[in-house]
Amino acid sequence: MARILFLFFALTIFSTSINAQDMYRVTADKLRVRESRDTKSKIIGFIPQNENVAVLDASDAKFYKVKFKNGEGWASKDFLEKIAPAAQPTTPAASTATPNTQTPAAQGSEDLYRVTADDLRVREKADANSKIVGYLPKNENVAVIDSSNTTFFKIKVTNGEGWVSKEFLVRVSPVKPAAPKSTIAASIPQSSKNYTGIIFIAVVALILFTILYFSFKYASGNKLIISFSVIVILVVGYLCYITFIAEKVVTGTFSSSEDVQYKTFNFKSKDSVTVSDAYNDSVFTSKYVIDGDMIKLYNQQNTIMLLIRDEQTLIGEGFTRGTFTKR
């Protein structure tokens, strides 16, 4: 009987330690939980960002079986970050000894970079479409082991190696005051100032007022000609205003029925849009700007561009190619 009780307590303690190692943190804004390990299966719930969940099955290549407050379901592994288990006495000593014995101070200062994005994606290859193998939090320091690529840097982290966009890394040493500012600015959409429209409006206004002046001067009091001139001037002036001066505003939800990565764009406010990512089975929120007829927003390394055709239709450019209609 004593042996049975001992085995029972030993198994209990062992299973508890395994569960502690299987806790993960959600990195997406709102992670979808599906009924089965299929992107087309029924959505049974959502898990908010930074929520901790227990992973019950991690054998699938794309989805993890998780336990959350509504029960159990399957979620994309790309947006679950494993939480380190409780530290054991030997772990800190090993991790503390590693930098001192392997990396001299001079070498660390040469290749040490700081992350400027909130959750920087680490990819398997130096390709924006390659598999995401992890995330790096903002202000994390990482070692760059290959900076020969013009777009991506190869980095080394505690759980392996991967590639990240160089736009979201700023060198820690030597520190240049202007460098962090320029790097952060690169991650924010910028609209270019174009004064061509204002100059054109000024020229048109000058011509229209000249026509109006001569109409009053040489119409000999003919009210029909004067009225017609005034109406033409007002119509042309209004069309020029809405075309060249008035700011374009996009509101509502635009969606596409085509097989594209970004399925819906929900423009909630003047500069904020919520995007549904079908490939990664997630939803994220981004800032955007309208530059002429073009909407620009960023999703980590990817620049998303949408052309405003009219109030009901947006046209995706580049890898976002497709037609999005207002619903």
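Guide: Let us begin with Val-122, which touches Lys-131, Ile-132, Val-133, Gly-134, Tyr-135, Leu-136, Ile-155, Gly-162, Trp-163 and Val-164, leaving aside residues up to four places away in sequence. Please keep in mind throughout that this is a predicted model. Val-122 belongs to strand S9, which covers residues 119-123, and because its relative accessible area is 5%, Val-122 counts as buried. One of its contacts, Val-133, is 11 residues away in sequence, while the C-alpha atoms of Val-122 and Val-133 are 5.7 Å apart in space.

From this part we can turn to a pair of charged side chains, those of Lys-154 and Glu-161, which meet in a salt bridge at 3.4 Å, N to O. Lys-154 is partly exposed at 24% relative accessibility, and Glu-161 is likewise partly exposed, with a relative accessible area of 47%. Elsewhere, salt bridges with shared partners join Arg-37, Asp-57 and Asp-60 into one network. Within it, the side chains of Arg-37 and Asp-60 meet at 3.4 Å, N to O; Arg-37 lies in the loop between strand S2 (30-34) and strand S3 (43-48), and Asp-60 in the loop between strand S4 (52-57) and strand S5 (63-68), so the pair ties together parts that are 23 residues apart in sequence. Arg-37 is partly exposed, with a relative accessible area of 40%, whereas Asp-60, at 18%, is buried. In total, the structure holds 5 salt bridges.

Let us look next at the nonpolar residues. The largest nonpolar core has 17 residues, among which Phe-265, Phe-267, Ile-295 and Leu-314 touch the most other members. Two or more residues of this core come from each of strand S16 (262-267), strand S17 (272-277), strand S18 (282-291), strand S19 (294-299) and strand S20 (302-310). Apart from it lies another core, of 16 residues, including Val-26, Val-55, Ala-75 and Phe-79. In soluble globular proteins, nonpolar side chains tend to be buried together.

Definitions and conventions:
Residues are numbered from 1 along each chain as its sequence is written. This is a predicted model: local features need pLDDT of at least 70, side-chain atom pairs count only at pLDDT 80 or more; totals for chains, interfaces and linings use all residues. Side-chain values use heavy atoms; hydrogens and water are left out. A nonpolar core is a set of buried Ala, Val, Leu, Ile, Met, Phe, Trp, Tyr and Cys residues joined through side-chain atoms within 4.5 Å. Buried means under 20% relative accessible area, exposed over 50%, partly exposed in between (1.4 Å probe, protein chains only). Helices (H or I, at least four residues) and strands (E, at least two) are DSSP runs, numbered from the N terminus. Contact means heavy atoms within 4.5 Å. A salt bridge is a side-chain nitrogen of Lys or Arg within 4 Å of a carboxyl oxygen of Asp or Glu.
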